[in-house]
Amino acid sequence: MSKIYVIHENDEWTVHLTNRLEELNLPYELWHLDEGIVDLTSEPPEGVFYSRMSASSHTRNHRYAPELTAGILTWLEFHGKTIFNGTKALQLEISKINQQLALEKAGIRTPKTIGAVGRDQIVRAAKKIGVSSFITKHNRAGKGLGVQLFHSIEALENYLDSKTYEHPVDGITLIQEYIQSPESFITRAEFIGGKFVYAVRVDTSNGFELCPADACQIDDLFCPVGEEKEEKPKFEIIQAINVEQIGRYEAFLETNKIAVAGIEFISDANGTVYTYDVNTNTNYNADAEAKAGKYGMLELAKFLEKALLNEQSKITV
């Protein structure tokens, strides 16, 4: 029987989608790829395939899940299967260098960034970037891994020599200019089927780890997911977002064969927009959605339902 196959490595981030698939009575199967095989001697089953592989999988002891997923997706693409967020999307998910260059190629402004491997090279990159304030981040990241703000080279050197320095899983640390926003928030635009669904304003006053998933409330103690004790919600769905900007994002997603994504951006004091992250394993915040009456996982499940029906019609012809 033709099914929806969901490729992932994190049950907590996937259960919200499977709940919606069950609500719509859709046939599905989970492929949890923390380990497994790529059987090049066999053919894939009938159905549509959706990858939710995450760049932060190594933080859950699933170090090689992205590499295994890359093999599986290549196998599926070889056999001409319908895939959402295939190999091209995965290449961007696990490399912010790849993300930034793809965004720049699409004419989308990004912050100045230099990648470096090795302690002395990180310092060299910070000196070369030529800005007074800068941040570090991991090239393969997610959940704000390795994000630290610095106002001097000396502060960076002290951090690199300390026990608190986080070594990136792929060895690459990014030095990126710090964009000073007049207000403490960033915006995340959500897309399903390559089309804009809604935008979320995310309060950054308590830090950089901006994972919107409900599981972050348990697993990531510094992830600001809108605790009930605070009057101002950390995540708030908004309607006001530049139409031309949405168009550029949608064109970028189409070019890079990305069906589902959350794209994050920030504006400086002059109103200049900088796009700095493309998350192809996007999650949604339940509190913000309930307040706005918009539900990302439901829309995603409906999108997959339509794709499955289209696939089934091709089989019966």
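I take a residue as buried when its relative accessible area is under 20%. The model I am reading is a predicted one.

**Entry 1: E9 and R60.** I looked up E9 and found a relative accessible area of 2%, so I record E9 as buried. I then found that E9 forms a salt bridge with R60, with 2.6 Å between the closest N and O atoms. This pair links distant parts of the chain, 51 residues apart. E9 lies in the loop between β1 (3-8) and α1, and R60 lies in the loop between β3 (47-51) and α2 (65-78).

**Entry 2: helix α1.** I checked the length of α1, residues 11-23. At 1.5 Å a residue, its 13 residues should span 18 Å, and I found the end C-alpha atoms 18 Å apart, which agrees. At the start of α1, I noted a side-chain oxygen of N10 within 3.1 Å of the backbone nitrogen of E12. Just after the helix, N25 has a positive phi of about 60°. Within α1, I listed W13, T14, L17, T18, R20 and L21 as buried.

**Entry 3: E67 and its partners.** I counted 13 salt bridges in the model. Among them, E67 pairs with R63 at 3.3 Å, N to O. E67 also pairs with R140, at 3.1 Å. The second pair joins helix α2, which holds E67, to the loop between β6 (134-138) and β7 (148-150), which holds R140, 73 residues away. I record E67 as partly exposed at 36% relative accessible area, R63 as partly exposed at 28%, and R140 as buried at 8%.

Conventions: Residues are numbered from 1 along each chain as its sequence is written. This is a predicted model: local features need pLDDT of at least 70, side-chain atom pairs count only at pLDDT 80 or more; totals for chains, interfaces and linings use all residues. Side-chain values use heavy atoms; hydrogens and water are left out. Helices (H or I, at least four residues) and strands (E, at least two) are DSSP runs, numbered from the N terminus. The expected span of a helix is 1.5 Å times one less than its number of residues. Buried means under 20% relative accessible area, exposed over 50%, partly exposed in between (1.4 Å probe, protein chains only). A polar contact is a pair of N or O atoms within 3.5 Å; within protein, one must be able to donate a hydrogen and the other to accept it, and residues adjacent in sequence count only if both atoms are side-chain atoms. A salt bridge is a side-chain nitrogen of Lys or Arg within 4 Å of a carboxyl oxygen of Asp or Glu.
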